[in-house]
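Here is a short briefing on aromatic contacts and nonpolar packing. Keep the model open as you read.

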Amino acid sequence: MPWMVGVFLGGSCAFFYVGRLFPPILLLLLTASTLAFVPRAVRNTALRLPLALAAGVLWAAVVAHFSQPPRLPWTDLGKTWEARLQIIELPTEREGRARFVAQVTDLDDGARKAHGHWRVQLSWRNPPRLRLGQLWRVPLRLKPVNSYRNVGSWDYARWLYHRGIRYRGYIAKGEFQLLGQGRCCRLEALREALRDRLRGAGQMGPGRALLLALVLGDRSGLRGDMRHVLATTGTSHLVAISGLHVSLLAGLVGALAAGLWRRSRFARSTPAMLAGALAGLGAGTAYALLSGFGLPARRAVLMLAMGVFLLWSRRRIRPADGLALVVLVVVLFDPMAVTEAGFWLSFLAVAAILALLPQMRARPLWLRAVIMQAGISLALVPPLLLFDMSPAPLGLLVNLVAVPLFSLLLIPLALLATLVAVVPPGFEQPLDWTVWLLSIAYRGLEWAAAQSPAIGWPKVTPLRVALMAFGVVWMLFAPGIRARMPGLGLILALQLPSTPYLPEGAMTLDVLDVGQGLSAVIRTRHHVLVYDTGPAFGGGFNLADAVVLPWLRHQGIDRVDRLVLSHGDKDHAGAADSLVRGISSAEILSGEPQRVPVTARRCASGDAWHWDGVDFRFIQPAWSAGRHGNNASCVLLVVSAGGKLLLTGDAEDSVEAAMAERLRDEAPISVVVAGHHGSSTSSSPEFVRAVRADHVIYASGYRNRYGFPRPDVDTRWAAAGARRWRTDGCGTVHADFSVRQRRARISTVVQGPPPYWWPDDVSCELVGPAEAP
């Protein structure tokens, strides 16, 4: 059975890797063909695995086709609608901005009306008091959900699509009206009431945030620095209610119930073990529902239910078959779960436990704990790398203490204190004690994070991840220490740094998709330069943590030799402090050192250096050092044997005019990153004629409110013969300045139609006038 389920799972993964919906007629033909092979597969075992693979692909395709969130009747969404909506999930608020999921039922723009049911993700700046179930009439702006389209970036659009959400937006300025309180979401209403109660416990800080996360699965209170500490120590799983929490709670309640049952008169008719198992299942299910019933909690409840069923029916089943059956049930109910890291982390952790249990006999308890935690940590490395989540260097040691501390003490205490607080007459003191203990535990994690060494990981490639997974399987299943040595050797060999792939005199450019902002990475044979970091937003979200650092880690880069912050605007330098905190940066330069959030020196006009056969020079006019804002930008010209590159930041036409004579001598420029994201304030006619660019890259946000790139600017570049690329359609735009071909070759993340959960209304390469969706 595990083999069949594994192949079925592989088929589902293949469908989502391709990311294309099948036409209905093709679905019918594939379904008929698959069903026709079932009788043959029953008789011929050789056909079973291919049939399981086809069934996995087909089932994922069918569910994807019939579970698409509804579309709005219009595509021209760049306007404000009068909308009627209801809040259907717990609203969260931070720094004056509320975020919530709502169901929109009516839209009206004065000329057109629409009625339907659309789940949307919304934000509201400086909102009134928001409660679950409220009905509102509000001015609303919407656009399709989109992701930062880079290797290593979290696919936000896929995550929302998985939750039935196709659009996101915000409450615009204007009149709004509370229409009343609707009836909905009883479980969410219970969670909201509990959250209100828990928010009054203890002092505001890490302890209270951890209490909300452990009891309700509400992680909105975890600040960016807290998330960094948890990730660095490898303990993020402890505050995301997982199968471990649910199973341990079920075990504790089950053991207590079984002990009490043995002393009752009902023990003669119903075995105490079965009664305890049923009580544990009920407690685990209640906790999973209270936490929002995420994938790890659902998996734990399924495992518990299977155990109770086997105990009741007195059947025996191999642990591997039981795990495979739970995997199959999860994928049948939710095929898209295979695209989430939590699916793989949950099931691989259980698989590692099952693999190591037979080897635990006759070993001291402390050694069992070490071996088990080491095995789980090792098993999770391949999926962590695959989903661009860096394994924590000290995760093994920290979890040896943190897992029993949280699972056996803090989580049961948090749940018991919550129960005591909500059951009349209600005692609040235990909650305050729990918050205090959680604060102490967090301070310990902070200390551990400060001791964590900075360890770089090699470039993540499918082959490297596959070999790592092979080595992990060898280590887990091989009998004896000597038999495990080849697996260990393979794992260690994969950590060796790879040789530089760029020859002397060559370079590459990667303009990352950071929304409405800019971040570009230039690499030579032995050096890395990052030009701008993208923006930062309220609540701790920033594009260094979301895009730039994951991309650098995915490429195996653990050091930045020079960070250039063109000027102080937030869309260029807002995430600088997060980038510097996350990766070693040798030197930082900026056109406005006084406005950036890190210590930097000015990029002086004429400053130049030479790396690996490639020349770098700042060419902005000297007088720009006295300017403020866009015209203070560092303008970087890079000359390699494979072509020339120009980055101008947000420099406007006056700066461009001052550089025109110099640029005529340097022309043609192979690649130009368009100034100010394609704004009309830059890319003046004189500048465009002077550089004679082969390629122009617009670093602009999807459906940005400024309409970048502006049509007049794109028309200008098109008339000059340049090929034009935009990051909101292409994702990362990669330029390879090849020494052999002596010209830049462009490649992009998005090639062909994007996955079906991404919007497809913006092209990657522009042909004709610029699009303004």
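Rings of Phe, Tyr and Trp (its six-membered ring) pair if their centres lie within 6.5 Å; planes under 30 degrees apart count as stacked, over 60 as edge-to-face and the rest as tilted. This is a predicted model: local features need pLDDT of at least 70, side-chain atom pairs need 80 or more, and totals for chains, interfaces and linings use all residues. Residues are numbered from 1 along each chain as its sequence is written, and side-chain values use heavy atoms, without hydrogens or water.

**Aromatic rings**
- The structure holds 24 aromatic pairs.
- Trp-609 and Phe-616 make a stacked pair, 5.2 Å centre to centre with 5 degrees between the planes.
- Trp-609 is buried at 12% relative accessible area, and Phe-616 is buried at 1% (buried is under 20%, exposed over 50%, partly exposed in between; 1.4 Å probe, protein chains only).

**Charges over rings**
- The charged end of Arg-562 sits over the ring of Trp-609, 4.2 Å from its centre.
- The charged end of Lys-79 sits over the Trp-81 ring, 5.7 Å from its centre.
- Such a charge has NZ of Lys or CZ of Arg within 6 Å of the ring centre and within 35 degrees of the ring normal.

**Nonpolar cores**
- A nonpolar core is a set of buried Ala, Val, Leu, Ile, Met, Phe, Trp, Tyr and Cys residues joined through side-chain atoms within 4.5 Å.
- The largest has 44 residues; Leu-211, Val-215, Val-246 and Phe-406 touch the most other members.
- H15 gives this core its largest share, ten residues.
- Apart from it lies another core of 35 residues, including Leu-58 and Tyr-756.

Conventions: Helices (H or I, at least four residues) and strands (E, at least two) are DSSP runs, numbered from the N terminus.
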